There are 2 protein chains.
Amino acid sequence: MIKAIQDYYDDDFSLCYGCGRLNPKGHQLKTYLKNNDTISKHTPKNYHIAIEGFVYGGLLASLIDCHGTGSASIFYARENSIEIKNYNAPRFVTGNLNVNYIKPTPLQKELLIKGVLKEITSRKVITSISIVVNDVICVTGEVTAILLPDNFGK
Amino acid sequence: MIKAIQDYYDDDFSLCYGCGRLNPKGHQLKTYLKNNDTISKHTPKNYHIAIEGFVYGGLLASLIDCHGTGSASIFYARENSIEIKNYNAPRFVTGNLNVNYIKPTPLQKELLIKGVLKEITSRKVITSISIVVNDVICVTGEVTAILLPDNFGK
């Protein structure tokens with residue numbers, strides 16, 4: 001896998017405002033495997049503000065959400081020896097999203113979003129996520145992601 | 001209080017992408033007291049999509065977040081007999097946001113967001129939130145909101 005996991009979702013699963021490659025208005029988050037963990041990067045717009053100088057918490061929750069489902073896809077494929085290619089990446093949706101705002105997240109900085117596998121079953125993946133700016137952890141979270149069946153919505 | 005609680009935040013606290021009256025690019029969520037509980041309404045844009053026909057979970061988390069902080073302000077003012085007027089509404093930020101996606105939330109519908117007070121202390125308010133479409137609960141959540149000092153950022 002050389003591209004982001006979101007670039008391997010089926011077209012029908014690529015419309016997500018947070019991470020879909022086919023949603024031109026969305027954030028188009030891209031999640032990669034790096035060693036044993038996952039990373040994404042995102043620089044918020046200047047209007048994604050909570051209070052002067054700090055990033056809007058709803059955006060941070062959204063990034064954790066999409067990084068969590070993307071990471072779930074990566075970890076699930078690895079666990080099940082699925083060779084990722086166009087466009088077979090397993091698609092997960094969120095069952096639970098839990099976010100802790102540890103410190104205010106500064107605007108106008110690139111956010112590093114990291115994912116670590118916590119638990120995996122036949123159709124559920126739980127990941128621990130953190131958002132880091134200049135080596136400081138600003139937000140932590142946990143995403144419980146549920147595998148969508150291939151024929152969902154068809 | 002006849003306007004939404006967000007219309008009574010100080011200008012400096014009204015920039016939020018989710019609910020700030022001074023953020024023209026944002027959602028401008030408006031939260032009202034109704035009997036003992038709180039309500040907001042929001043109709044997502046057609047590009048706020050997760051999968052065809054359903055609302056993006058990051059937006060739903062964002063609405064719960066801002067409804068939670070707005071509700072915290074309303075409940076805190078009521079508890080402390082603060083008469084809300086221009087522009088003295090207490091401003092809360094989110095410490096923890098926990099969201100359960102119960103059912104896919106249909107697009108192109110008005111979402112009703114409801115808040116119920118769960119716990120209140122001298123600087124923390126916890127609310128239980130639900131997002132309802134056509135009388136069906138699609139999402140539930142809990143927001144732990146922390147009171148900002150008046151002089152925050154000044």
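Which residues does Asp37(A) touch, not counting residues up to four places away in sequence? Asp37(A) touches Lys114(A), Gly115(A) and Val116(A), where contact means that C-beta atoms, placed from the backbone, lie within 7 Å. The legends below start from there.

This is a predicted model, in which local features need pLDDT of at least 70, side-chain atom pairs count only at pLDDT 80 or more, and totals for chains, interfaces and linings use all residues. Residues are numbered from 1 along each chain as its sequence is written, while chains are lettered from A and ligands numbered from 1 in the order in which they are written.

**View 1. Asp37(A) sits in strand S2 of chain A.** Strands (E, at least two residues) and helices (H or I, at least four) are DSSP runs, numbered from the N terminus. Asp37(A) is partly exposed because 16 other C-beta atoms lie within 10 Å; by the cut-offs used here, 20 or more such atoms make a residue buried, 12 or fewer make it exposed, and partly exposed falls in between, with C-beta atoms placed from the backbone. If you look for Val133(A) as well, it is 96 residues from Asp37(A) in sequence and 18 Å away in space, C-alpha to C-alpha.

**View 2. Strands S4(A) and S5(A) run antiparallel and are joined by eight bridges.** S4(A) covers residues 111-120 and S5(A) residues 124-133; strands count as paired if DSSP finds at least two bridges between them. Two pairs are handy landmarks: Leu117(A) has Thr127(A) as its bridge partner in S5(A), and Lys114(A) has Ser130(A). A hairpin of three residues leads from S4(A) to S5(A).

**View 3. S5(A) and S6(A) are antiparallel too, with 10 bridges between them.** Here Lys124(A) stands opposite Ile146(A) in S6(A). The hairpin of these strands has two residues between them, and in it Asn134(A) takes a positive phi near 50°.

View 4. Where the chains meet, S3(A) and S3(B) (residues 92-101) run antiparallel and share five bridges. Asn96(A), for instance, stands opposite Asn100(B) in S3(B).

**View 5. In the contact between the chains, 32 residues of chain A meet 32 residues of chain B.** On the chain A side, H1 and S3 (92-101) each supply at least two residues. S3(A) gives the most, with nine residues. By class, this side has 16 nonpolar, 12 polar and four charged residues; Ala, Val, Leu, Ile, Met, Phe, Trp, Tyr, Cys and Pro count as nonpolar, Asp, Glu, Lys and Arg as charged, and the others, Gly among them, as polar.

**View 6. Helices H1(A) and H1(B), residues 57-79 of each chain, come within 8 Å and cross at roughly 145°.** Residues making the contact include Gly57(A), Ala61(A) and Asp65(A) of H1(A), and Gly57(B), Ala61(B) and Asp65(B) of H1(B). The contact has four nonpolar, six polar and two charged residues.

**View 7. Ile129(B) is found in strand S5 of chain B.** Ile129(B) is buried because 25 other C-beta atoms lie within 10 Å. Leaving out residues up to four places away in sequence, its contacts include Ile64(B), His67(B), Ile113(B) and Val143(B).

**View 8. Leu63(B) is in contact with Leu29(B), His42(B), Leu111(B), Ile113(B) and Ile131(B), leaving aside neighbours within four places in sequence.** Of the 84 residues in the largest nonpolar core, Leu60(A), Leu63(A), Ile64(A), Leu60(B), Leu63(B) and Ile64(B) touch the most other members. Such a core is a set of buried Ala, Val, Leu, Ile, Met, Phe, Trp, Tyr and Cys residues joined through C-beta atoms within 7 Å.

How values were computed
Axes are lines fitted to C-alpha atoms, for helices over the stretch in contact, and angles run from 0 to 180 degrees between N-to-C directions. Two residues are in contact if their C-beta atoms, placed from the backbone, lie within 7 Å.
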